[in-house]
Amino acid sequence: MPLECIVVDDGSTDGSAAIARAAGATVARVAQPARPSRARNAGAARARGEILLFVDADVVVPPIP
C-alpha cells in the first residue's frame, strides 16, 4: 500500500488544513477542539495502513532517504 498522509484539523485558524489538502493530504476535521488523543483517534479512523505514525505540529520529520 502506498504511503498516505492524514492531517487532522483540530480547530486551526492559520489555513494549514487548506495547505495540507492542496499538497495531497487527506484532511479530517474534529468538530470541537479537544485533547490531542481525540485528533489522533480521528486520524487513525481514516487510516487504511497497518502502521501509523503520529506527528504533532511542533515536530519536523526528516525526508525519507
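**Reading salt bridges and strands**

User: Is Arg 48 buried or exposed?

Analyst: Exposed means over 50% relative accessible area. Arg 48 has 60%, so Arg 48 is exposed. Keep in mind that this is a predicted model.

User: Which residue does the side chain of Arg 48 meet in a salt bridge?

Analyst: Look for a side-chain nitrogen of Lys or Arg within 4 Å of a carboxyl oxygen of Asp or Glu. Here the partner is Glu 4, with 3.4 Å from N to O. Glu 4 sits in the segment before strand 1 and Arg 48 in the segment after helix 2 (36-46), so this contact ties together parts 44 residues apart in sequence. Glu 4 is partly exposed, because its relative accessibility is 31%.

User: How many salt bridges does a search of the whole structure find?

Analyst: The search finds 3. One of them joins Arg 29 and Asp 9, whose closest N and O atoms are 3.5 Å apart. Buried means under 20%, so Asp 9, at 10%, is buried, whereas Arg 29 is exposed at 58%. Arg 40 and Asp 56 also meet in a salt bridge, at 3.0 Å.

User: How many bridges join strand 1 to strand 2?

Analyst: There are 4, and the two strands run parallel. From strand 1 the chain passes through helix 1 to strand 2, in a right-handed β-α-β crossover. For an example of a bridge, find Ile 6, whose partner in strand 2 is Thr 26.

User: Where is Ala 23 found?

Analyst: Ala 23 is in the loop between helix 1 (16-22) and strand 2 (26-29). Ala 23 counts as exposed, at 69% relative accessibility.

Terms used
Residues numbered from 1 in each chain as written. Predicted model: local features only at pLDDT ≥ 70, side-chain atom pairs only at ≥ 80, totals over all residues. Heavy atoms only, no water. Buried < 20%, exposed > 50% of the residue type's maximum accessible area, 1.4 Å probe, protein only. Pairing = 2+ DSSP bridges. Right-handed = clockwise from strand over helix to strand, strands pointing away.
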